[in-house]
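Morning, everyone. Please bring up the model on your screens, and I'll walk you through it.

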Amino acid sequence: MLSFRLIYIFSYNLFQFCGHTWILANTIARFFTFGKDALADTFYSVGFVMSLCQLLSILELFHIADGIEKARLFPRFVQVVEKNLLLIMVIMLEEIQSKPVICVQLFLWNILDLLRYPHELLCLMEKPSITMLWTRYTLWIPVYILSAATEGVTIYQALPYVEPKTPKSPSLNSTVTTHLHLPFILMVYLPVLILGASVAVWQLLKERKHHLDKWNKKMKKK
């Protein structure tokens with residue numbers, strides 16, 4: 001029987017799958033059409049949809065806490081925070097939006113999500129696939145590591161654009177104070193990112209073992 005919870009979580013995963021499919025298709029089409037020139041304005045063309053999808057991904061923390069989705073909370077929390085904080089920084093700093101690393105970052109994020117949401121949809125339809133299961137929990141991990149490394153590169157490249165500036169008038173005090181603290185916050189965030197990603201990978205490896213063992217036991221019973 002269909003329930004509201006099932007309809008909701010299916011609709012959510014379908015929306016995310018369609019959103020990330022559109023972003024990836026748009027990015028690839030622009031690259032084949034305009035070549036390297038497409039890298040400069042990738043964020044302008046897909047930034048809004050990407051921001052919407054990542055903002056909605058905060059709901060996944062409540063899904064896991066409520067038991068609608070069976071997954072480890074900490075790795076998902078790290079992933080959601082990483083993406084949303086980085087998007088906020090990119091939106092604030094227009095100077096880095098045209099850098100190639102942003103295009104690479106968006107591409108990796110989409111690959112991660114397109115490895116996950118189809119598997120979730122198949123599970124909700126009670127048609128799990130060992131290929132999708134293996135891909136979701138095996139290939140996902142190295143791609144996530146690459147994504148976390150790219151996030152570090154993005155933050156490093158953003159540092160020159162947030163250098164402290166001397167206030168020219170008292171009325172600019174609050175703005176400059178924020179600007180003075182931003183480089184320090186980014187420098188502190190880098191080791192936090194490394195630590196959080198490392199713990200998340202460890203948790204993901206445990207999650208992978210759990211799901212693959214569960215599948216093997218299910219196949220043996222049959």
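Let's start with Arg76. Arg76 is buried, because its relative accessible area is 4%, and the cut-off for buried is under 20%. Keep in mind that this is a predicted model. So what does the side chain of Arg76 meet in a salt bridge? The partner is Glu69, at 2.9 Å, N to O. Glu69 is buried too, with a relative accessible area of 9%.

That pair belongs to a wider set. Salt bridges with shared partners join Glu60, Glu69, Arg76, Lys83, Asp113 and Arg116 into one network.

The side chains of Glu60 and Arg116 form a salt bridge, 3.1 Å from N to O. Where do the two residues sit? Glu60 is in helix H3, residues 59-66, and Arg116 is in helix H5, so this pair ties together parts that lie 56 residues apart in sequence. Check the burial. Glu60 has 1% relative accessibility, so Glu60 counts as buried. Arg116 has a relative accessible area of 4%, so Arg116 is buried as well.

How many salt bridges turn up in the whole structure? The search finds eight. One of them joins the side chains of Asp41 and Arg30, at 2.5 Å, N to O. Asp41 is in the loop between H1 and helix H2 (42-56), while Arg30 is in helix H1, and the two are 11 residues apart. Are these two buried or partly exposed? Asp41 is partly exposed, with a relative accessible area of 30%. Arg30, at 18%, counts as buried, because the cut-off is under 20%.

The largest pocket holds about 710 Å³ of space. It is lined by 20 residues, and the closest to its centre are Lys70, Glu120, Cys123, His211 and Lys214. Which elements give two or more residues to that lining? They are H1, helix H5 (100-124), helix H6 (130-158) and helix H7 (173-221). H7 gives the most, with five residues. By class, the lining of the largest pocket has nine nonpolar, four polar and seven charged residues.

Next, the second largest pocket. Its volume is about 210 Å³. What classes of residue line it? There are 11 nonpolar residues, no polar and no charged ones. Among them are Leu85, Met89, Ile155, Leu182 and Tyr189. Helix H4 (73-92) and H7 each supply at least two lining residues. H4 gives the most here, with five.

Ile155 is found in helix H6. Its relative accessible area is 1%, so Ile155 is buried. For a distance across the model, take Ile155 and Ala197. They are 42 residues apart along the chain, and their C-alpha atoms are separated by 15 Å.

Last stop, the surface. Ile28, Phe31, Phe32 and Phe107 make a nonpolar patch of about 420 Å². Which element gives the largest share? Helix H1, residues 4-34, gives three residues. Ile28 is in helix H1. Ile28 has 34% relative accessibility, so Ile28 counts as partly exposed.

To recap. There is one salt-bridge network that includes Glu60, Arg76 and Arg116. The largest pocket has a lining of nonpolar, polar and charged residues. The lining of the second largest pocket has no polar and no charged residues. Over to you.

Terms used. Residues numbered from 1 in each chain as written. Predicted model: local features only at pLDDT ≥ 70, side-chain atom pairs only at ≥ 80, totals over all residues. Heavy atoms only, no water. Patch = residues over 30% accessible without salt bridge, like charges linked within 9 Å, V, L, I, M, F, W, Y side chains within 5 Å. Areas by Shrake-Rupley, 256 points an atom, 1.4 Å probe, with all protein chains shown as cover. Salt bridge = Lys/Arg side-chain N within 4 Å of Asp/Glu carboxyl O. Helix = DSSP H or I, 4+ residues; strand = E, 2+ residues; numbered from the N terminus. Buried < 20%, exposed > 50% of the residue type's maximum accessible area, 1.4 Å probe, protein only. 1 Å grid on protein atoms, 1.4 Å probe; cavity = no way out; pocket = protein on both sides within 12 Å on 5 of 7 lines; lining within 4 Å. Points joined across faces, edges and corners; volume = space filled by probe spheres on them. Nonpolar A, V, L, I, M, F, W, Y, C, P; charged D, E, K, R; others polar.
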